[in-house]
Amino acid sequence: QNWGQNSRKLIFLCYLARAHPLNRAKAAFSFKCLAMFFGGDPFGGGGFPGGGGMGRRREPADTQKLYDVLGVKKSDDTATIKKAYKKLAMKKHPDRGGDPAEFQEIQEAAEILTDEKKRAAYDRGGVEAASESRGERRKKGPASKSKITCTLQEIYMGKQRRMQITRKVIDKSSVSTCRQCGGQGQVIQMMRMGPMVQQMQTTCDACRGQGSSFKQQTKSEILEVHVPKGAPNGHKLVYNEKANEIPDGDAGDVIITVVETPHEVFKRKGDDLYLSRKISLSDALCGFEMEVKHLDGRVLIVKSKPGDVIKPVAYDPFDEGAPAAEWECFEGKDCPGIEGSAEGRTDDPDRCKEIVTKGQLKDKGIGCFVLRGGRAVFKQCSREEALSSAVRISGSTMWVLGDASTAAAGRMMKAVEGEGMPRLSNPFEKGNLFIQFDIVFPTALSAEAQAALLTSVPKMHKASSAADGAGVEVVTLSEVDPYSSYHDHLPEKQEDSDDEEGGDGRGVQCAQS
């Protein structure tokens, strides 16, 4: 009956509790006074909703037991705790007669106390808090980003460098929640505009939107930066919680990006190194030996295999685009025994090739397509299946993907295996050292040299027509710049006249025969 008489006051207190966190404590205090005065609690002793702590008080958490299990102090660092755990694990291991339950307890204690985040949670709220911290994501401060420039030689050998950083460190004992905003960083202000009252949310002036006040100082530290062997350009080194600290979470990370500077001799692609060298025609035909000074100071004597001929390679490994797929055309053929996977209205083979290699059918296993009657039929098959199923059909054109081994043969380059960059995943393994040869041809050959060369390298071409025959003319080769040959003789551009663009279209018509 008394509660019914004070229902309006209870409703007002509930509104205070939900309106703002600062009002919860006031509402809870008033609610407790009402409950004591009228003798009872409509919520069954559970406390005021949202009041926090008006019900039964919880017993303080045990934050010492795990330290006692490992026989260490709260002030000991992580290294000391790990050392104590290893000593106990060897002594209490079940294989040495130890109690399995006790050994499990030691493992659980070490799992929490050797992890900085779990240990901090345990020191705050015991084992329960440490268990909860495993699945929760704590708030983290902003990361501090920096770059470190390294030469290719430093990356090959691995580099240890000391870097000075400046960070803001907070005295955790001085952190206190802002009383004005209740830790929200925002306050609600009432603005009267004529007869209307409007609520506006603004940044708290007392804490400047941080939600708390604290003492902090700027501290300089030396960070030991280790650039691992074979680190790729742009590799990121992350140092956890070494950036500025925040009052309500973990410090941010320091992220250092490795920037590789170009080398004057070697070029890098992944774990492979590339080196350009000029050789004579006799070196290319008869073999050679050359010295290469490697990044670690070693001198490699590179030899060609006996009887091996060095051939020019047109493939550019530093071309960002993927090697163009080779296609083989078979006029008047189709493979009707292989079911089509996709169709389209086109008779343009280049468009079909682009769809297979770069478009919608990329990596779909398309091995051939057939053009017939303005339509293209794409088929999932291997080259061998397409060729074995091919039959002659008039009006059809079958395009089959070229042999992958043939395309790879055109990309083969001479390399010294295992003399490239160390692999980041396993520094004991290395990529390859490719040598790009530029064959220097002689400007002229004597008659004796030509005769000697012809004995081992026969001619491939010989004219069968008589030089003085009818309709035959003898010409000689000379060196010409193809760029100048094209651009120096371009015709002048013709401007379109108004008569050509306009008119009624009834001009003179030309008949072609």
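## Rings and a buried aspartate

Phe318 is partly exposed, as its relative accessible area comes to 23%. That value comes from a predicted model, so keep this in mind as you look around.

**The Tyr274–Phe318 pair**
- There are 7 aromatic pairs in the structure, and one of them joins Tyr274 to Phe318.
- A pair of aromatic rings is described by two things, namely how far apart the centres are and the angle between the planes.
- For Tyr274 and Phe318, the centres sit 5.0 Å apart and the planes meet at 65°; this pair is edge-to-face because an angle over 60 degrees counts that way.
- The two partners come from distant parts of the chain, 44 residues apart: Tyr274 belongs to strand β9 (residues 272-280), while Phe318 is in the loop between β11 (299-303) and β12 (327-334).
- Tyr274 has a relative accessibility of 8% and counts as buried, because the cut-off is under 20%.

- Elsewhere, you can find one aromatic cluster made up of Trp327, Phe369, Phe378 and Trp399.

**Asp334 in strand β12**
- Is Asp334 buried or exposed? With 11% relative accessibility, Asp334 counts as buried, and its place is in strand β12.
- Its side chain makes a polar contact with the side chain of Lys379, at 3.5 Å.
- Setting aside neighbours within four places in sequence, Asp334 is in contact with several residues, including Val370, Ser389, Ile393 and Met398.

How values were computed: Residues numbered from 1 in each chain as written. Predicted model: local features only at pLDDT ≥ 70, side-chain atom pairs only at ≥ 80, totals over all residues. Heavy atoms only, no water. Phe/Tyr/Trp six-rings, centres within 6.5 Å; stacked < 30°, edge-to-face > 60°. Helix = DSSP H or I, 4+ residues; strand = E, 2+ residues; numbered from the N terminus. Buried < 20%, exposed > 50% of the residue type's maximum accessible area, 1.4 Å probe, protein only. Polar contact = N/O pair within 3.5 Å; in protein donor to acceptor, adjacent residues only side chain to side chain. Contact = heavy atoms within 4.5 Å.
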